[in-house]
Structure formats: structure tokens, C-alpha cells
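Dear colleague,

My notes on it follow directly after.

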Amino acid sequence: MAKHLDLEEQEQLDALKHFWNRWGNLITWLLIAVLGAYAAWTGWQYWERRQSAAASVLYDEMSRSVQAGDVARVERTLSDMKDKFGNTAYAAQSGLMAAKMLLDKGKPAEAKAALAWVADKAPNDGLKSSARLRLASLLVADKAYDDAIKLLSGSFPASFVPLAADRRGDVLLLQGKRDEAATEYGKAYQGLTADTGDYRRLVGMKLNALGIDPDAAPKGARS
């Protein structure tokens with residue numbers, strides 16, 4: 001019986017060796033890939049948490065610098081943010097904050113550069129859209145109407161579509177294109193909801209100034 005068991009065990013061992021010789025390397029590499037991917041994922045999560053924590057500290061520094069009106073510190077902090085944490089929302093929010101302060105301090109070129117960076121590098125469409133709308137306003141102030149229209153003509157998230165239409169209407173009106181401006185104002189008015197009360201009324205006043213009843217605007221103008 002013992003010899004029979006030994007023989008049976010030997011056969012099982014031989015079968016296991018044969019299986020491992022055939023499939024062992026593949027199984028090993030699959031395990032390495034799975035475990036490696038898991039390690040990379042947990043490492044990435046840890047790195048992201050570290051990045052976010054460090055970026056929040058620098059964001060606080062930006063906020064203090066803006067409140068202090070320290071232009072040099074604002075520019076230095078924004079540069080650090082872009083270099084070290086450029087893919088975070090903190091960096092984009094810092095760019096928006098810095099742009100407003102730089103404009104208030106009479107540095108429009110630097111403000112436009114900050115907004116252009118946010119419009120290009122922000123990690124989400126909402127921040128990008130905010131930067132594009134603000135940058136368009138600065139371009140209009142420079143009478144760079146074609147550049148402003150180009151910036152406002154790309155796609156926007158749904159909540160920003162009426163705002164972009166209103167801004168396009170402003171630019172077109174400044175260019176003397178009343179009919180096209182009215183069309184954009186109509187899109188903006190139809191796209192805005194009751195929750196936007198004062199803003200919607202303002203767009204309605206623009207339409208009234210052009211001799212158009214906003215509530216008679218075609219529903220198809222909704223963007």
C-alpha cells in the first residue's frame with residue numbers, strides 16, 4: 001500500500017512539475033503584473049495625497065500674499081505652484097486668485113498670462129471655463145475682439161454655455177454686429193434659469209436695448 005501511495009504521489013508530483021514547467025513562467029509574470037499594478041496604484045494614491053496636502057499649504061500662502069497685496073510674493077508663489085503642483089486644482093485656483101490681484105495692481109499682462117495658464121492646464125473644465133471667460137474680458141478691454149471671440153467659441157460645460165453666449169454678444173455688439181449680438185444674447189437668455197435672476201434680467205435688458213422682447217425669443221436659440 002505504501003509503495004502504491006508513493007507511486008501515486010510521484011505521479012502527482014510529476015504532473016505538477018509538468019504543469020509548472022509549461023505554465024509557471026506565465027503565472028509568475030501575471031502575478032508580478034497584478035501585484036506591481038496594485039503597488040503602483042497604492043503608491044499613486046499616496047503620492048496624490050502628499051501632493052494635495054503640500055499644494056494646500058502653498059495655496060494658503062497665495063491667499064495670504066494676495067490679502068497682503070504683495071505682488072512679488074504672489075508671482076513667486078504662483079510660479080512655485082505651477083512648477084510643483086501644476087496638475088492640481090489648488091494651482092488653478094491660485095492662478096485665478098493671482099490674476100485678479102495682478103489686474104488690480106496694474107499688471108494686466110501678468111494677469112492674462114496667469115489666466116491663459118489656467119485655461120490650458122486646469123484639471124477640470126469648470127476652472128478652465130472660468131479662466132477663459134475672465135481672459136476674454138481682458139482681451140475685450142484691449143479691443144482684441146477677434147481673439148476674444150476665438151477664445152469664447154470653443155466648447156463649454158453646460159452651466160457655462162449661457163455665460164459664454166452673453167460674452168460673445170458683448171464682443172459682437174462692440175464690433176457693430178447687432179444682429180449676431182442679438183442672437184447670442186437670445187441664446188444666453190434662453191439658457192439661463194430662474195435661479196440666475198439678476199443676470200438673466202441683465203441679458204434681457206440687453207435684448208430690450210436692441211429692440212427685442214427677450215420672452216419672445218425663439219426657444220430654438222437655446223444652446
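The paragraphs below describe the aromatic contacts and one backbone feature.

This is a predicted model, in which local features need pLDDT of at least 70 and side-chain atom pairs count only at pLDDT 80 or more, while totals for chains, interfaces and linings use all residues. Residues are numbered from 1 along each chain as its sequence is written, and side-chain values use heavy atoms, with hydrogens and water left out.

The structure contains 1 aromatic pair (rings of Phe, Tyr and Trp, the last by its six-membered ring, with centres within 6.5 Å; planes under 30 degrees apart are stacked, over 60 edge-to-face, and the rest tilted). The ring centres of Tyr59 and Tyr90 are 5.6 Å apart and their planes stand at 50°, so this pair is tilted. It joins distant parts of the chain, since Tyr59 belongs to helix 1 (residues 2-68) and Tyr90 to helix 3 (residues 89-104), 31 residues apart. Helices are DSSP runs of H or I with at least four residues, numbered from the N terminus. Tyr59 is partly exposed at 22% relative accessible area, as is Tyr90 at 28% (buried is under 20%, exposed over 50%, partly exposed in between; 1.4 Å probe, protein chains only).

Arg132 lies over the face of Phe156, 3.8 Å from the ring centre, and the charged end of Arg200 is 3.9 Å from the centre of the Tyr189 ring.

Lys143, in the loop between helix 5 (125-141) and helix 6 (145-152), has a positive phi near 60°. Most residues other than glycine have a negative phi. Lys143 is exposed, with a relative accessible area of 63%.

Yours sincerely

Note on methods. Helix = DSSP H or I, 4+ residues; strand = E, 2+ residues; numbered from the N terminus. Lys NZ or Arg CZ within 6 Å of the ring centre and 35° of its normal.
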